[in-house]
Amino acid sequence: ACSQGGTTTTDNKNSAGGTVQSATGQAPAPFAEGEVKIAIVQQSGQGDYFQQYLNGTKKQAEALKMKVTVYDAQNDNAQQATQLDQAIASGVKGIIVRHGFPDTLCPGVNKALDQGIKVVIYDVEIQKCAPRAVQTQQSDAKMASLVLDQMVKDVGTGKPVGYVNISGIAPLDRRDTVWKEYVAKNDWTQKFKTGKYTNSTATDTAPMVDNALKSNGDVVAVYAPYDELSKATLSALNDNPGMKGKVKVYGADISTADIELMTAEGSPWVATGATDPNAIGAAVVRTLALNLAGEVKESAKVEFPPILVTAQMLRDKGVKNMEDLRAAQPQLNISSVSSAAWIPTVTF
Amino acid sequence: MSFGANQVLRGVTMSLLPGSVTALLGANGAGKSTLIKILSGAYGGNGGQIRVDGEPITIVGPRDAARRGIATVHQRINESIVPGLSVAENLTFEEIVQGDLPAVSSVRGLLPRAREVAAALDLGWSDARLRQDVFELGIADAQLLLLARALVQHPKVLVLDEPTSTLSQVEVARLFEVIGRLRSEGVAILYVSHHLDEIRSLADRLVVLRDGRILEQQDAPFDMRSAIRSMLGESILGDAAELVEQRGEDVAVELRGVTLLPRSAPIDLDLRYGEVTGVVGLIGAGKSELARGLFGVEQFPTGTATLDGRAFRPSSARDAIRRGVFLVPEDRAAESMLPGWSIARTASLPFMRQVSRHGVMDSARERRMGATAIERFGVVATGPDQSLDTLSGGNQQKVVVARWFQEKPKVMLLDEPFRGVDIGARHVIATQARQIAADGSCVVVLSSDVDEIREVADRILVLVDGEVRLDDYTTQIDGEDIVASMSEVPQR
Amino acid sequence: MSSPSTELTARMKIQDGVVKYGFIVVTIVLFLYFSATEPSFRTSGAIFSMLKYASVTAILGLGMTFVMAVGGMDLSIGSTAGLAVQMAAMTMVFYNLTAATAVVAVIAAGVLVGLLNAFLVVVCRIPDLLATLGVMFVIQGAKLIPVDGQSVSAGMTLRDGTPAPGKFDPAFLQIDRGSIGPVPFPVILMLVLTVASWFILDRTRWGRMFYAIGANAEASRLAGVRVDLFRGLAYVLCGLFAAVGGLILVSRIGQGDVNAGASSLLEAVAVALVGTSALGIGKPNAWGTLLGALLVGIVLTGLTMKGFQYYHQDTAKGLVLILALIFSFTISRNKARFISAG
Amino acid sequence: MSSPSTELTARMKIQDGVVKYGFIVVTIVLFLYFSATEPSFRTSGAIFSMLKYASVTAILGLGMTFVMAVGGMDLSIGSTAGLAVQMAAMTMVFYNLTAATAVVAVIAAGVLVGLLNAFLVVVCRIPDLLATLGVMFVIQGAKLIPVDGQSVSAGMTLRDGTPAPGKFDPAFLQIDRGSIGPVPFPVILMLVLTVASWFILDRTRWGRMFYAIGANAEASRLAGVRVDLFRGLAYVLCGLFAAVGGLILVSRIGQGDVNAGASSLLEAVAVALVGTSALGIGKPNAWGTLLGALLVGIVLTGLTMKGFQYYHQDTAKGLVLILALIFSFTISRNKARFISAG
Ligand SMILES: Nc1ncnc2c1ncn2[C@@H]1O[C@H](COP(=O)(O)OP(=O)(O)OP(=O)(O)O)[C@@H](O)[C@H]1O
Ligand SMILES: Nc1ncnc2c1ncn2[C@@H]1O[C@H](COP(=O)(O)OP(=O)(O)OP(=O)(O)O)[C@@H](O)[C@H]1O
Ligand SMILES: [Mg+2]
Ligand SMILES: [Mg+2]
C-alpha cells in the first residue's frame, strides 16, 4: 500500500533531507501488492552531482516503498554492461539506466524489455537502438541557452571569449552544439578550447586553463559548461590576478560548493544553468513508477527543465546552500513532472 | 680484456691438455675469474683466440661454450643459483635450458634426472630435499649442487673457479675423487684455488697469472716457493712467519648452557681477551650459529651469555656493535656487499659516526677512511671510489673484513674470513687479527679449514654437531688430531 | 625452536596449509555468504556475469603474470587494452572492415606494443617501470589523436564532415555476448588462457626459463638462457593478453570508449600480486592470478548487491586484501622474493 | 674494448656528462624553445604558475623518493593526498576550527597513514606493493564514508539537516595563494623540501642508511643499521610529504574535493623514477625528482599554450620521457639498480 496519513516526514539520514508530500490517491498495481524491487544501473556515482542524484532516487523510491539496488560502474563502461546483465538476472521489476553509451546498453535494455522489465533511461541517446525504453533527460540545450543568453546580455557581441569543455560526453556535447550556435550568431572569437576529463577533472584542468588564459589575456568571458570545469576556470583565474574583474565565467550545474564559489567576494562566476540533481533523481523514479503502473507508455520522453541562476540573485536572496536555493527557487523541485495523485512526491 | 681503464688481461696464452688438471694460480685480482669468464662465454669481445681440438672457434655466449663441451663452475655462487626454482630444477637447469630434457615436464618428472645429477657427488639428497626451493640450501650445499651439475655434463673441458672455498674436507675429498675420475676419462680440467695443498695433490700442471700476464708455468712436481714468488712478488712472503703464541687471561664472553643447533646438547664456553680463538668444524657444525648468536642476529635456543661479567643478550646487530662485538659474516654477497656501493661507503657503513659530525657526513674523511682500509689490507683497487662490485672476489673479501678493523672491538667474530683470498691476503688478515688480539681484543675465527685455523689461532675449538669436541692451545695439538676429532661421530 | 622438531614440522605444515588454502577458503566463504544472504547472487545469470566481469581482469592479470615472472612490470597494460578497444572500433567503424580484420588488427596492435616495450627494456636497457610508463603515456595520448579525443561509435561524423561508413560487425559483438551452452565466451577464454599460462609457466622448459630470469638473470645467462629473448617474449605475451582483454571489453561496450582500460592497470597488478601470494607458491602464477580475479569479482558483485556505495566497496576491497595478506605473510614463513618493488 | 685506455676514459667522461647533464639540457632546451615561440610563456607570471603546479607533483615525488631509497614503493601516496584534502576541509567546515588546527590534523593524518603502511610492511612483512595497494583502496573508500561521498564545502548540509557551521579559514587559503615577493608559497615549500630531502639523503648518516637498506637490507642490518626503523620512517616521511602536497591542493581548490589526488600516484612515481636516472646518479634522489617535476611542468605548460589538446600532451610527455631515457640508458654504462620491479 502507499503511504498513509497526511503527516510530513523528514528523513535525517542523508544530506538533502527530502520532504514527502503524501499521496492522496490509491496506488495501482504493482504498488498495491507491496515492495517493488528496482535497480539503478549508473555509469558513475562519483562526485557531488551523482551523490545527490542518487539521494533523490533513494528518497523517492523509499516513499514509493520500492527497494533499489544500486549498480555503480565507476566510469567503466564494460562494467556497466555487466551490471545491467546482473540487474536483469536479479529479478527486478524495473531498471533505471543512468548515463553510458547507447551501443553498450542497448542489448541489455532490449533484453530487459523483452523479459517484461520496465526500463527508464536517463541521459543516454538510446532512441535508435532501443526505442521502446522510456527516455528522460535534463534539457541541456535549454540549460546552455539560458546561460548564454545571459552572457550575451553581459558582454555583448563580437568579443574574444574562452571555452572550457570536453568532447565525447553526451550532455557536454549537447551544450557544445548550442555554444557553437551562439559563437557564430554573436560573432564571438573563440580564443581557446581546453579541458581534460580525468579522475580529478577540476585539479587537472586548472593548469590548462591557466596557461590558456596566460596566452590569451584579452578574453572577456569563459564558458565552462560543467561545474568541475567552472571550478577549474575559477582556480586558474585566481592565478592570474591581473585578469581579475575583467573576465566573467559562465558555468553549468549547481551545488552547495558551487554556490559558495559563486557568492564569494568578487567571484567571476556570474551565472550558471541549474537543475537540482536530487529532484531529477526523484523525478526519474516517479517516471519509472508511472511506467510500471502503465500510466507512462513505452517510448515516452520526459524532459526536466533547468533554471538560470545568477550570482546576483544568490547574493540578493542570501542563498548559502542548496536548501536556501530550493526555497528561493521552488521550481527546481520539478515536483509536477511525472507526478500522479497516488505518488507521494519528495521535495528537497 | 679490460674493464674501463682497467686492463685486466694482457696477452695470455695457455693450453689445457686432455686428461690433465691445470691449476691456475694468482693473487686476488690477477684476472683468473676474468679469464675463465672469457673461456665460458660469459664475456664476449676480446682480442684473443680460442682453439678446441686445434680448431679455432669463437665463443659468443654461454650456450656456445656449453655446446663446445666447456662446463664451468663460477666463483660466485649467486651468479649461478636460481632461487624460486626447486633444487631438482637447479640441478638439471642447464639441461633444461639446452633442451636436453623433455620440454614439457613437472618437477616430479625431473626428479629421476636430478637424482642422477646429485649422485655425481654422492649428495644423497632425499626427494623432499630435491623439491625444496633452492633458496633454502646453505651456501655449501649450493656450491655442491653447482659442482654436481657441471660434473655430469661429460664436458671436454671442465673449469672450476675456487670450488672449495666454501666446502669442508669431506666434500673436498669427494670432489677430488670425481675430478680424478674425469681426468682419467680424458677431460681437460682448469682448476683455480688459493689452497696450495689442493694444487699439490691434484694438479698436473700449474700456471701462475699476475697482473693479467702469465709469469710461470710448471709441470708436477711443483716448486711451490717459486710459484708463490711469481704470484705475489718477492716482498710479500719471507718465511711463513712462525706463530708467536699469545695467551689471554681475562674472560670476555662466558656462555653457559647454550645450545647451538636445535638437537645438540648445551655447551659452556669461555672466550678470552688477548688471544685468537679458532673454531673449526665441518659444514653444519654450528659455527655460524655461534657467531650469529653472539652478534645478536639470531637467538640461542637456550642458555645465557655474559660480556665482561654482565648479562649479554643483544637483540640486534646494532646492540652487539654498540657493546663492542663485531661480526664479519660468512656470505659476502648476501650479507656484506651493497650493489653499486664504493669501497669507501661500504667500509664506513658500520662506523659512520667516525666520519660524520652531528649526523652530517664528511666525505673527505670518509674517503680517507676507505683509503686507509685499502692500504692496511693491500686491496687491489683503483681507489676508495671504486665500486666493490668490480673488485675481484678476494679483494671484495678484504674490504668487507677490513671495515671491521676500523674501530677497536671487544670481541671480533670472523666467520670464514679467508674465503677466496690468496695466501698473501690470508697472511694480512691473520696478522691483523692477531694484532688486535695482542692489543687486547678477544678474536674468534670460524672456519672449516684446519690449516687456516692453525695459521691464525692461539687456541682451537673443534665443533661437531653443535658441541665442543676439543678445546686446547694450538701448540699443544697437531693437525691430525683436529681432523680426527672433527669427523668423530657424536654419541647420542 | 626449542620444541621437538616433529611438532615443529607439524606446525609448519599447518601454517603452510593455512597459507596455501587460506585465500581459497576466504574466496569460498565470501561466495557462500553472499549466496546465502542475497538470493539474486546465487542465480546462474548473476554468477556468469560475475565471471564475465572477472574475465577481463583475469586475462590482463595473466599477461602481467608473465612479465612479473621475468621480474618485470608492465605499466602500459591498461592503455594497451584501451588501444585495442579503439583499434577494433576504428577498423570496423572508420574503415568498414569485418570482425575478423578487426581481431587481427587488435592482436597485431597488442603484439606491437609488446615489441615496443621489449625493445625499450631489452635493447635500450631502460628499467621496465620507466619504459612502460613512457609507453603508457604515449599510447594513451596517441590513440586519441586520430579520433580527436572522441569515442568511436557507429554513425559518428568524421573530420571531413561525412558520417563514418561502418558499424560494429554483429559477429564481433558475439565475442562478449556469445556463449557455449550457458557459459559465456569470455569465461571460456579466461579458463583456456589460465590453463595455457599455467601449463607454459609450470610445466615447460620455457616457463622455467621465465622464472629463472626473474629470479636470477645473470645465473640464467650463464646457464645459456637467451635472457633477452625471453624477457622480450614476456612483454609481447603481455601485450597480446592485453589485446585479448581489450577485445572482450570493446565487444562488451559496443563502441570505441576512450576511457576503456583506464582502471585495468591497477586491477591487473593487484590480481597478479595477490596471485603471487595466494597459493603459497611465492611467485607469480596463473591459478593464483585467476583466484585473485575471482575474489575481486565476488567481493564487488556481492557488495553491490548488498547495496553498498562505491566507496564502501573500495574500503572493503582494501580490507579484504590487507587481511588476506596479513594472514599469508605474517602467519607464513614464506618470503616473497619476487614481489618487492626494490 | 681494445682501444687505448686514455681515449676510452675520455669517451666515458663525455658519456657520463651526456647522461648527467642530458636531462638538464633537454629541460632547458624545451624551456627556451617554448619561451622563444610563446611570448606568454616567458612572463614571470607564467613561470611561477608553472612552478606552482609542479610543486605538488614535486613534493609527492620527494616523498616517493624516500620510499624508493629504501627499495620500496608507496601506492597509497595519491590517496593520502586526497585524504589530506578532505581532512582539512572537514576540520574547518564541519568543526569550524582554525587553519592551524587543520594543518595539524592533515599532517597527523599523513603521518598516521605512513605509520599504517610502515606497520604492514615492516611488522607484518607484507610486500610493499601489496600493502600500500590495500591501504590505497581503504583510504580511497573510507575517507568518503563520513561525508557520504560528497565534496566538503562551506554551507553544505550535514547529516542532521543543519548547515555546516564553518568555512575555509582565509589564512588557510594563503597556503596556495600567498607569496613572498613574487614567489608563491608552494614554490618556496617545494624548494625548501627539495633542499631538505637532498641534504638528508645525500649528506647525513641517516640518508646513507636509507640507501643502504635499499641496496641490501640484510647487509645493512648486519652492519648495525636499524632497518625496520628506517624503512618505517621512509613510509612515514612519504605520508607526511603526501599530506603537505594535499594541503597545497586543498588550499588551491578551496573545497574538500572528493577526487583530489587521484592522478597524483602515477605522477609521483613518474617523477621519482625519472629523477633516479636524470642526473646519472642511478638512485632515487631529490634534485632528480625536482627536475622530473619541472620537466613535466614545462612540457604541459608549453603544449597547452601552444593550443594542444590534452592527448597531444600525454603523447608528448611519454615521448619526452622515452627519448630522455633512451638517451641516458642506452648511451650510458650506468645500470639502474634501484628501479626494477623484480
Ligand atoms: N665487472 C667488472 N668491472 C670492472 N672491473 C672488473 C670487473 N670484474 C673484474 N674486474 C677487475 O678485474 C680484475 C681481475 O678480476 P678477477 O675477478 O679476474 O680476479 P681473480 O684473479 O679471479 O681474483 P680472486 O682470486 O680474488 O677471485 C680485478 O682488478 C677486478 O677489479
Ligand atoms: N634453511 C635451511 N634449510 C635446511 N637446512 C639448512 C638451512 N639453513 C642451514 N641449513 C643447514 O644447517 C646446517 C647448519 O648450517 P651453518 O651454516 O650454521 O653451519 P656452520 O657450522 O656454520 O657451517 P658453514 O659455516 O661452514 O656452512 C648446515 O648443514 C646447513 O646446510
Ligand atoms: Mg676470482
Ligand atoms: Mg657457517
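Visitor: How many helices and strands does chain B have?
Guide: The model is a predicted one. In chain B, the secondary structure comes to 19 helices and 22 strands.

Visitor: What is the radius of gyration of chain B, and what does the globule rule give for 492 residues?
Guide: Along the principal axes, the C-alpha trace of chain B spans about 70 × 55 × 45 Å. The globule rule gives 23 Å for 492 residues, and chain B is close to that, so it is as compact as a globular protein of that length. The radius of gyration of chain B is 23 Å.

Visitor: What is the radius of gyration of chain A?
Guide: Chain A has eleven helices and 14 strands. Its C-alpha atoms fill a box of roughly 65 × 45 × 30 Å along the principal axes. A compact globule of 348 residues would have a radius of gyration near 20 Å, and the value for chain A agrees with this. That value is 21 Å.

Visitor: How far apart are the nearest C-alpha atoms of chain A and chain B?
Guide: Chain A and chain B do not touch. Their nearest C-alpha atoms are separated by 37 Å.

Visitor: What kind of axis relates chain C and chain D?
Guide: Chain C is superposed on chain D by a rotation of 179° with 0.2 Å of shift along the axis, at an RMSD of 0.2 Å. The two copies are thus related as by a two-fold rotation axis.

Visitor: Why can the copies be said to meet through the same surface?
Guide: The contact takes 51 residues from chain C and 51 residues from chain D. The copies meet through the same surface because the interface residues of chain C are also interface residues in chain D, to the extent of 100%.

Visitor: What area is buried between chain C and chain D?
Guide: Carbon and sulfur atoms give 77% of the buried area. The side of chain C that touches chain D divides into 32 nonpolar, 13 polar and six charged residues. The area buried between the two chains is about 4,400 Å².

Visitor: Which element gives the largest share of the side of chain C that touches chain D?
Guide: Between chain C and chain D there are zero salt bridges and six residue pairs in polar contact. On the side of chain C, the elements that give two or more residues are α5 (128-142), α11 (264-278) and α13 (310-331). The largest share, 14 residues, comes from α13(C).

Visitor: What area do chain B and chain D bury between them?
Guide: This contact takes 33 residues from chain B and 27 residues from chain D. Carbon and sulfur atoms hold 59% of the buried area. Chain B and chain D bury about 2,500 Å² between them.

Visitor: How many nonpolar, polar and charged residues are on the side of chain B that touches chain D?
Guide: Chain B and chain D also have six residue pairs in polar contact. In chain B, α11 (287-295), α12 (317-322), α13 (332-335), α14 (343-348) and β18 (360-361) each supply at least two residues of the side that touches chain D. By class, that side has 18 nonpolar, eight polar and seven charged residues.

Visitor: How many residues apart in sequence are the parts tied together by B:E95 and B:R113?
Guide: Over all chains the count is 53 salt bridges. One of them joins B:E95 and B:R113, with the closest N and O atoms 2.6 Å apart. B:E95 lies in helix α4 (residues 93-98) and B:R113 in helix α5 (residues 107-119) of chain B, so the pair ties together parts whose separation in sequence is 18 residues.

Visitor: Which residues is B:S387 in contact with, leaving aside its neighbours within four places in sequence?
Guide: B:S387 is placed in the loop between α15 (363-377) and α16 (393-402) of chain B. With neighbours within four places in sequence left aside, its contacts are B:G340, B:W341 and B:S342.

Methods
Residues numbered from 1 in each chain as written. Chains lettered and ligands numbered in written order. Predicted model: local features only at pLDDT ≥ 70, side-chain atom pairs only at ≥ 80, totals over all residues. Heavy atoms only, no water. Contact = heavy atoms within 4.5 Å. Buried area = accessible area lost by both parts, 1.4 Å probe. Polar contact = N/O pair within 3.5 Å; in protein donor to acceptor, adjacent residues only side chain to side chain. Helix = DSSP H or I, 4+ residues; strand = E, 2+ residues; numbered from the N terminus. Nonpolar A, V, L, I, M, F, W, Y, C, P; charged D, E, K, R; others polar. Least-squares fit on C-alpha atoms with pLDDT ≥ 70 in both. Salt bridge = Lys/Arg side-chain N within 4 Å of Asp/Glu carboxyl O. Rg over C-alpha atoms; globule rule 2.2 N^0.38 Å.
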